[in-house]
Amino acid sequence: MKSLRLFLSFTLCLAIYGLIAFEASGTLFGQPGQVHLSLGAHKVSGATSEVVVNWSSANGSGDQVVKYGLTPETLLRSKPGKINLNGQILLSSLLKKLKAGTKYYYSCGSDLAGWSPLYSFITEPDSGTFRVGIIGDTQNNQNNEDFQNTREITDLVRIYSPSFTLHMGDVVDNGSIPANWLRFLSAAQELNARSPLMPVLGNHDVQNATGKDFQKPFADFHSLFSLPGDEVNYSFTYMNVRFIGIFSGCAEAASKIDQVKFRPGSQEYKWLDNELGKAEKDKRVKWIIVWMHYPVYSFGWSNIAKWSNNILPLLEKHDVDLCLAGHRHVYERHFQMKNGIPVKNTPRPVFTAGEGTIYITNGTAGGNPTGPGGKEQADIAFTPDRNMYSFAIMDVSNRAITYRVFDRENLLIDWFTITR
């Protein structure tokens, strides 16, 4: 009987240890987890966008690789680079020379460390329409402590099979805790392993305390993600659109000590001015879309005047079509704006490209929703009457952008189209 009790106690300990390991790595028995894709560096002329496969493993056994190819049975191998982060092995492999508009299958790991599930993705097409998923504020705060709402929202986004997903920032609630990043990537893996994730940083993702490291991204972010450029402010061309992601810092706290990002004349300001200028001159580019965390236009406390004053002149100078943001946990769509006023103050959700910029606050894909409000603000075209989690699906062609917003029941709550 004593031997049986010891055996049962030992078995229980192993089970608890296994659950802890599963929580930390997102996988059981060291199988690769936190699998997520990202798009590679700037598009090379005549080639489709490169794709980066990222994953982590608690098991360092064997030489882990990405197996990928046009069929599940015929797979090439790509050797990754790897680093160690608090006992987790982080791996990343760049897949080059991919065929346009083509479905690829892949799995990552090794025979000794285990293999991820077999996933697939479709590369950038040469022509036609592509689709973008849009989420933000997935932070694991009240009512989303284990990213349970984020998992539900990202599962809904996956139904629409986006070519890639833009994230508006505040990925986690406290970026200084490595486990937060790992748990987010585990919760959203079924989307991110099929649709490249392209995030910008929010105020919760970086150093919030004023001082030497104020507004500095944590090392965990740079270790876990493989994004273009410096990964904080970056851009990429996907088919006919120039996407430019910028880091708005901790704008509210920064405004009190005169450290708001993109001060006119700063290096980042000059970089953004140059990127927008190049996009305007590029004959392949039909649309310019900028995304960030702090909104330029917003109702209430999210509206940081110094941030808007820094960014707005550049957006208007270069005729940006869409400016997407997060931070405020409520969906807001502003009228098409030019020189600080609505171009057409009409509820009809069809707009003409080149007449102004439409500003969107994208609500929340996990973080606790805040109360609605803003209908009385002259520049807000639509905001819902109730608290809600939401996500957006954007379809893009040469002739039009159609933007649809859904709640957690997958019900359409708003839409608009920009035509060219």
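How many bridges join β17 to strand β21 (residues 358–362)? Three bridges join them, and the two strands run antiparallel. Strands here, like helices, are DSSP runs numbered from the N terminus (E, at least two residues, for strands; H or I, at least four residues, for helices). Two strands count as paired if DSSP finds at least two bridges between them.

The model is predicted: local features need pLDDT of at least 70, side-chain atom pairs count only at pLDDT 80 or more, and totals for chains, interfaces and linings use all residues. Residues are numbered from 1 along each chain as its sequence is written, and side-chain values use heavy atoms, with hydrogens and water left out.

**The seven-strand sheet**

Strand β17 belongs to an open sheet of seven strands with mixed pairing, in the order β13-β14-β15-β16-β21-β17-β22. The edge strands, each pairing on one side only, are β13 (234–238) and β22 (380–382). Ignoring direction, neighbouring strands of this sheet are turned by 20° against each other on average. Angles run from 0 to 180 degrees between N-to-C directions, with axes fitted to C-alpha atoms, for helices over the stretch in contact. Helix α7 (residues 267–281) packs on the sheet and touches β13, β14 and β15 (287–291), and its direction makes about 170° with that of β14.

Both faces of β17 (residues 331–334) are covered: Tyr331 and Arg333 on one side, and Glu332 and His334 on the other, are all buried. Buried means under 20% relative accessible area, exposed over 50%, and partly exposed in between (1.4 Å probe, protein chains only). In a regular strand the side chains alternate between the two faces of the sheet.

| Residue | Bridge partner | Strand of partner |
|---|---|---|
| Tyr234 | Gly245 | β14 |
| Tyr331 | Asn362 | β21 |
| His334 | Ile380 | β22 |
| Leu37 | Val53 | β2 |

**Core residues**

Val290 lies in strand β15. Its relative accessibility is 0%, so Val290 counts as buried. Apart from neighbours within four places in sequence, Val290 is in contact (heavy atoms within 4.5 Å) with Ile244, Ile246, Leu276, Leu315, Val320, Leu322, Cys323 and Leu324. Val290 and Arg242 are 48 residues apart in sequence, while their C-alpha atoms are 8.3 Å apart.

A nonpolar core is a set of buried Ala, Val, Leu, Ile, Met, Phe, Trp, Tyr and Cys residues joined through side-chain atoms within 4.5 Å. The largest such core has 86 residues, and Phe243, Trp307 and Leu322 have the most contacts inside it. A second, separate core of 17 residues includes Tyr68, Ile89, Tyr104 and Tyr106.

Another open sheet, of four strands, has the order β1-β2-β6-β5 with antiparallel pairing. Its edge strands are β1 (33–39) and β5 (81–85). β1 and strand β2 (residues 51–57) pair over five bridges.

Helix α2 (residues 148–159) has 12 residues, which should span 16 Å at 1.5 Å a residue, and its end C-alpha atoms are 17 Å apart, which agrees. The expected span is 1.5 Å times one less than the number of residues. The buried residues of α2 are Asn149, Thr150, Ile153, Thr154, Leu156 and Val157. Seen down the axis, these residues fall within an arc of 155°, so they line one face of the helix; the arc is that of the directions from the helix axis to the C-beta atoms. They pack against β10 (130–135), α3 (178–187), α4 (189–192), β23 (390–396) and β24 (400–407). Just after α2, Ser161 takes a positive phi of about 50°.
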